[in-house]
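Here are my notes on this one, as promised. Have it open while you read, and go through the points in order.

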Amino acid sequence: MAIVNLQNVTYKYPLTDVPVLQNINLQVEEGEFVAVIGPNGAGKSTLCYTLAGFAPHFFKGELTGIVEVAGVESHNSILSEWVLNVGLAFQNPFNQISGAKYTVFEELAFGLENIGIPRDEMIARVEGAMKLTGISDLADRSPYSLSGGQQQRVALASILVMQPRVLVLDEPTSQMDPIGTREVFGVIHSMAESGMTVILVEHKMEWIAQFADRVIALKDGEILMNGDPSEVLTSPLLPSNGFGTSRYTSVARRAQELGLWNEGKLPITLDEAVRGFNSSLTKEEIPDARAK
Amino acid sequence: MKIEIKDLYFTYPTGVEALRGISLTVESGEQVAIVGQNGAGKTTLVKHLNGLLLPTRGQVKIGGWDTTKYPVAKLASRVGYVFQNPDEQLFSRNVGMEVAFGPKNLGFDAERVEALVNDALVLTQLADKTETNPYDLSATWRKMVALASILSMDTDILIFDEPTTGQDAVNVARIAHVIAELRKRGKTVITITHDIDFCAENFERVIAMSQGKILLDGRTNDVLGREEILASTYVDPPQLTRLGKRLGFKNTVRNQEEFLNALKK
Ligand SMILES: Nc1ncnc2c1ncn2[C@@H]1O[C@H](COP(=O)(O)OP(=O)(O)OP(=O)(O)O)[C@@H](O)[C@H]1O
Ligand SMILES: Nc1ncnc2c1ncn2[C@@H]1O[C@H](COP(=O)(O)OP(=O)(O)O)[C@@H](O)[C@H]1O
Ligand SMILES: [Mg+2]
Ligand SMILES: [Mg+2]
């Protein structure tokens, strides 16, 4: 049975007329790593809020349909119980920091204290999460006097320490440096392999292509596509609907038009692009093709 | 308007040494990208250009003005800075007022203010949102408002701190267009970014920072081809640069056009 189950979910914020999510149907299996992509305003963050119980429990508004996680319906739950199963990293990391604590270490321990985790385990979990997010050297710093990317790492770590069954991440690497981003994707991928369920909103197609099990393309509050990364990320529907693609996909698409790409399928990763271009080049049909 | 930085050191009151000997000159009309790992000191460096931060040691001069000798309000007529986090910057009731605030504050006459505001709103595609409260907009659009409210000040130097963060492909293209337009107008643009593909496609000069110092500073292809040095500051070369290398291209390529040209050879 799917751990996350959304059926015909439609959601409206309190002061707006049009629903921001429309008739969403989505099932996610335990241990799956699902990436959500979409243009600005598509409803990605709202989908995250819905999964995390903030819509409607915090934002109010009107939710119809079924939102179910681990067999419990959102309607029948309260936020303080819901968040034990579902952890959300907000799009703006600043919203994540509690403001109650003086150091990064204390900030990360805060949530664990609240749920009564024994001290030894707490320290181990905090240290583990700091290591995974590359902030061990910031343990004694104030969470407020950090660079943007450092703050974002603290925000991510503060969710990871809680070890929720379902991890919902809203653009968690938007301010991270490139190699840090790649590492964080790797960390998330291995957490999914070890059984955590991950739903991640991102624009970084290269790493989605490499690490996600499935891609959901969201547009105007509706699911436009839901499938295998190689299918969704190479679909001609993406560019025509304002979605970005990786440079590998876009350059191969252009090369295909020029007759410089002769493979059936467009690449989504570096390795696929290398293979495809190498075999296209050795086929040497290039001069002919260029004429057309 | 020339930017001259000599042997700049900066230590935050908490004791963090964020800049450790930066020397740098940017000529009038140059477009420069700054890349480098989280905490490298990028934001700290650019906050020195409009006097938000003052050197602990060393000197920063903007068109000959030493930033320690001119108030921030004066420097604002030369340098516009768009914050990494727009919420540190926005305060007005609606978008129109926000974008008009800067040029009004610089004392421009009503006609010039109106022209500058319109131009900024058109460039950022915000013209239909003038009556909206910035806090009713999504974070990504608030970033565009922050950008517009600096564009409207018509400064010779503009600084963008991670402008493409969280933006979709359409808005990234829009920001690239703004930068191209500013280049045509002869403005100096300094942009901090972690989006190396965006950096490669839109800038001629790149500076890579690490731990409060400059590691590399030069032509884009030269800097972005230095894979090992970049890795020491947590930066990967652009996607097409890496692809070109794997395919055995002799020269570093950084955008679609260069890649396809190299492929045809
Ligand atoms: N207000 C502050 N008080 C104390 N230390 C600070 C403050 N702001 C930043 N720092 C520290 O100064 C160093 C440089 O930070 P800065 O914000 O310049 O980095 P950055 O290169 O812009 O990083 P990012 O890519 O994450 O935005 C970091 O160690 C950071 O933690
Ligand atoms: N708290 C809110 N109240 C009212 N409308 C909102 C709120 N948050 C987002 N919206 C609106 O919902 C739509 C979807 O926004 P969002 O979920 O943030 O999209 P995305 O994350 O894909 O950019 C947008 O039209 C946005 O303006
Ligand atoms: Mg969002
Ligand atoms: Mg910064």
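1. Start with the shell around ligand 1: its residues divide into five nonpolar, 14 polar and three charged. For the classes, Ala, Val, Leu, Ile, Met, Phe, Trp, Tyr, Cys and Pro count as nonpolar, Asp, Glu, Lys and Arg as charged, and the others, Gly among them, as polar. Before going on, bear in mind that this is a predicted model, where local features need pLDDT of at least 70, side-chain atom pairs count only at pLDDT 80 or more, and totals for chains, interfaces and linings use all residues. Residues are numbered from 1 along each chain as its sequence is written, chains are lettered from A and ligands numbered from 1 in the order in which they are written, and side-chain values use heavy atoms, with hydrogens and water left out.

2. Where does ligand 1 lie? It lies between chains A and B. There are 22 residues around it, and A:R141, A:S147, A:Q150, B:K42 and B:T44 come nearest (near means a heavy atom within 4 Å). Helix 6 (148-160) of chain A and helix 1 of chain B each supply at least two residues of this shell; helices here are DSSP runs (H or I, at least four residues), strands likewise (E, at least two), numbered from the N terminus.

3. Now the polar contacts (pairs of N or O atoms within 3.5 Å). From A:G149, a backbone N or O atom lies 2.8 Å from a ligand 1 oxygen. The protein covers 88% of the 640 Å² of accessible area that ligand 1 has on its own (Shrake-Rupley method, 1.4 Å probe).

4. On to the magnesium ion that is ligand 3: A:S45 (OG) and A:Q91 (OE1) coordinate it at 2.0 to 2.2 Å. Donors are N, O and S atoms within 2.8 Å of the metal (3.2 Å for Na, K and Ca), and water is not among the atoms, so sites may look incomplete. A:S45 sits in helix 1 of chain A and A:Q91 in the loop between strand 6 (86-89) and helix 4 (104-114), 46 residues apart.

5. Is A:S45 buried or exposed? Buried, at 16% relative accessible area, while A:Q91 is partly exposed at 23%. The cut-offs are under 20% for buried, over 50% for exposed and partly exposed in between (1.4 Å probe, protein chains only). Eight of the eight residues of helix 1 (residues 44-51) of chain A are buried, so this helix is largely enclosed by the rest of the structure.

6. Finally, the magnesium ion that is ligand 4 is coordinated by B:T43 (OG1) and B:Q84 (OE1), at 2.0 to 2.3 Å. B:T43 is partly exposed at 21%, whereas B:Q84 is buried at 14%.

Methods:
Polar contact = N/O pair within 3.5 Å; in protein donor to acceptor, adjacent residues only side chain to side chain.
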